[in-house]
Amino acid sequence: MAGSLLTWAALTFGASRGASPVVANSSGPLPSSSITSQDGSGSVVATASQNATAGVADVEVPVLVGKSIQVAEALVTAAGLTVQTRVADPVAPGVVPGVVVSQWPAPNALVSPGAQIVITYQARIGTAAQYIVLIDPGHQQKANTALEPVGPGSTQRKAKVAGGATGVATHIPEYKQTLAIALKLRDALVAKGVKVLMVRTTNDVDIPNSKRAAIGNTAKADLVVRIHLNGSADSGMHGITTLYPSGNAWVAAITVASKKAAQAVDAAVVAATGAVSLGLSGRSDMSGFNYSTRPSIIVECGFLSNAAEDKLVATAAYQQKLADGIATGVVSYLLGQ
Ligand SMILES: [Zn+2]
């Protein structure tokens, strides 16, 4: 049953190769209205929004274009600023991989301490088009409380698909929110040229967590991104946390890669949403991880037990921020940064 639900969302490549670098994701914090010109190298030249206050603590934006992404990130951090990285796609001829091709705000602009600097760099290895990502929208309309081993051959058993959380304010169930975010994530990744598979595109399915992992194994997915929302007895708890497989023999082979993906996605999704990062968490108790032979992460996109975050996650605008941030992090990981 699950096999027939496989959906090849994208089989096409992105924009034609050989064109000037194009910021793959234009819906983020790089305001198009700020772009005043584009020089011959394809670098976007933007007008910085000068800090209107006469504060003495203004920070000068370092020159980043032409530097390696690692050096650029170090410079931004050393200046007391925050960094968001983007991947230029497609690969432009004559541009060295791993090198920053544009930045915003412009060099020498004065900004407030901690301000976000967006730097776009050239992909190191080809383009995102060579990769397959499986997206698993957590849960389903009806839980499947029948038990399955928590990992291959285990005597410990868990529900095939748990019920999930429900919005304390909106009363919207987790399975609907995860699908809404996942569909936007699919579109964001497709826009970057990634080939995307979906575990499900409707709510009325019955796909055990072991089977969800098997879909990624069969497809040889480069990354499995599982979308969930959190719940807590503490109604004040809010923010995003990203889980990766760790701590047992089943997942030993995918732990390092999965953690790297979790780090990239967590940084990007927190930057895109402004949400609190609760950090990463290595987990040995997730069936969907334990059956996977492919690098996998779970993005817990917020707490449905927190009224404000529940309402926020229910908006299309915030779902889009989540999707764009996750997509940025996924592509960063795929391209080896
Ligand atoms: Zn969940």
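Analyst: Lys220 is exposed, because 10 other C-beta atoms lie within 10 Å of its own. On this scale a residue is buried at 20 or more other C-beta atoms within 10 Å, exposed at 12 or fewer, and partly exposed in between, with C-beta atoms placed from the backbone. The model is predicted, so local features need pLDDT of at least 70 and side-chain atom pairs count only at pLDDT 80 or more, while totals for chains, interfaces and linings use all residues. Residues are numbered from 1 along each chain as its sequence is written.

Lys220 sits in the loop between α3 (209-219) and β13 (223-230). Helices (H or I, at least four residues) and strands (E, at least two) are DSSP runs, numbered from the N terminus. The phi of Lys220 is positive, near 55°, although the residue is not glycine. Most residues other than glycine have a negative phi, and most peptide bonds are trans.

His139 also has a positive phi, about 70°, and is not a glycine. His139 belongs to the loop between β9 (132-137) and β10 (144-149). His139 is buried, because 27 other C-beta atoms lie within 10 Å.

A cis peptide bond, with omega about 0°, joins Trp104 and Pro105. Pro105 lies in the loop between β6 and β7, and Ala106 is placed in the loop between β6 and β7 (110-111). Ala106 is partly exposed, because 18 C-beta neighbours are inside 10 Å.

Two strands pair if DSSP finds at least two bridges between them. β5 and β8 (residues 116-122) are parallel, with seven bridges, and Gln84 is opposite Val118 in β8.

Further along, strand β14 (residues 240-245) is largely enclosed by the rest of the structure, because six of its six residues are buried. Ile240, Thr242 and Tyr244 are buried on one side, and Thr241, Leu243 and Pro245 on the other. β14 runs parallel to β15 (residues 277-283), joined by five bridges, and Leu243 has Ser281 of β15 as its bridge partner. β14 runs antiparallel to β16 (residues 296-303), joined by three bridges, and there Thr241 has Glu300 as its partner.

Between β14 and β15 the chain passes through α4 in a right-handed β-α-β crossover. Such a crossover is right-handed if, with the strands pointing away from the viewer, the path from the first strand over the helix to the second runs clockwise. α4 (residues 255-273) packs against α7 (residues 316-334) at about 145°, with axes 7 Å apart. Axes are lines fitted to C-alpha atoms, for helices over the stretch in contact, and angles run from 0 to 180 degrees between N-to-C directions. The contact, counted where C-beta atoms placed from the backbone lie within 7 Å, includes Ala264 and Ala268 of α4 and Leu322 and Ile326 of α7.

Overall, the protein has seven helices and 16 strands, and 49% of its 337 residues count as buried.

Conventions:
Contact = placed C-beta atoms within 7 Å.
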